[in-house]
Amino acid sequence: MEPQARPRRVTIVDVARHANVSTTAVSKVLRNAYGASPAMRAKVRRAIDELGYRPNAGARSLRGQTYTIGVMLPDIRNPFFPEILDGVTASLVDTEYQVLLGPGCNGEKEEARVTEAMIDRGMDGIILVAPVSSRAHLERVGSAVPTVVIGRHGSSPAYDTVADDDIEGAALVVGHLAGLGHRRIAHIEHHETDPTRLTEMPNARRADGYRLAMRKHGLEEWIDVVSTSYTQDGGYRGTKELLARPVRPTAVFAGADIVAMGVLEAVAEAGLSVPGDLSVAGYDNTTFAAFGPISLTSVDQGGREMGENAVRLLLERIADRGRRSAQVTLSPTLVPRRSTTRPSD
């Protein structure tokens, strides 16, 4: 029995014949280039769908473009990062670009491995979400390929940035809790020692914002910061430490919703209740926060909007590598829910 011949790959010529247009017209539609009318685009798209045509990524790469964008996520378990990814993918729906993900695993070596692999594979642009890499490494990446960094403050001529006003976000939480009558407001932060990251990372900015807001509300003597990690385990360990205080706090500001998960776990384990014994507020306004039985007060930093802005900046930089770098800072909002109330004492 003779082996079956592999089906022939559909080519751009086949698409042009099927649509009764030139190969140049098909190429314009595939590149989203100027000069193709809406009717022409519809005709070519219909032919592509009917024939099942897929552009050859290898051939595109030889011509200098792969129509792929790499997105590095530091932690795939954090429920906030899919919000950013939603904004990225939604903004690319009407383009030829495809998104490929890489886990950074919250480490400089791992991030370097992922970003270098994206560069080696000829991706047209890279979006780095909350990278912990050094400024020098980020600038090397930005010099090699159009790059947008999400969640890092500061600026560089080598890449664009999108970030939340984390100091203002922390002030919103402290102001909300102080307005309810809380004085003993503690904060769980992500431990950081690197001087550059202490200036640029959102966790450090939120801790700074917490301290500034506590002083503003006359609560400096009650400043209480526990340094663990932006993980559920970090929130759990931080809360165990806070609950062991001789005078425990009446409210906890968790630096991220995933940290608040651990806070809630530790509170329940101690036989206490939220918000009866301890008010809890998070940051990110994830789907977890909005889940009815949880109802977590949280800061909305516009994850989807972050992703949309990152794509806009990235496509602009792909089109014009020489343009000046841009920095976008989004304004956070507080979403009060049932996890915060007036203190019982």
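Start by selecting Thr286: this residue is buried, with a relative accessible area of 1% (buried means under 20% relative accessible area, exposed over 50% and partly exposed in between, with a 1.4 Å probe and protein chains only). Before you go on, know that this is a predicted model, where local features need pLDDT of at least 70 and side-chain atom pairs count only at pLDDT 80 or more, while totals for chains, interfaces and linings use all residues. Residues are numbered from 1 along each chain as its sequence is written, and side-chain values use heavy atoms, leaving out hydrogens and water.

Still on Thr286, you're in the loop between strand 9 (279–283) and helix 13 (287–290). Helices (H or I, at least four residues) and strands (E, at least two) are DSSP runs numbered from the N terminus. Which residues is Thr286 in contact with, leaving aside neighbours within four places in sequence? Show Pro79, Phe80 and Asp257; contact here means heavy atoms within 4.5 Å.

Next, pick up helix 11 (residues 232–243) and helix 12 (residues 257–269). They pack at an angle of about 45°, with axes 6 Å apart. That makes helix 11 oblique to helix 12. Color the contact: from helix 11, take Gln232, Gly235, Tyr236, Thr239, Lys240 and Leu243. From helix 12, include Ile258, Met261, Val263 and Ala266 among the partners. For the geometry, axes are lines fitted to C-alpha atoms, for helices over the stretch in contact, and angles run from 0 to 180 degrees between N-to-C directions. Angles under 35 degrees count as roughly parallel, over 145 as roughly antiparallel, 65 to 115 as roughly perpendicular and the rest as oblique.

Now jump to the largest nonpolar core, which has 25 residues. A nonpolar core is a set of buried Ala, Val, Leu, Ile, Met, Phe, Trp, Tyr and Cys residues joined through side-chain atoms within 4.5 Å. Select Val71, Ile84, Ile127, Val129, Ile150 and Val162, the residues with the most contacts inside this core. Which helix gives the most to this core? Helix 14 does, with 6 residues. Zoom in on Ile150 and you'll find that Ile150 touches Ile84, Ile127, Val162, Met306 and Ala310, among others, not counting residues up to four places away in sequence. Apart from this core lies another, of 19 residues, including Val226, Ala256, Leu278 and Val280.

Last stop: helix 1 (residues 12–19), where Asp14, Val15, Ala16 and Ala19 are buried. Just after helix 1, look at Asn20, which takes a positive phi of about 60°.
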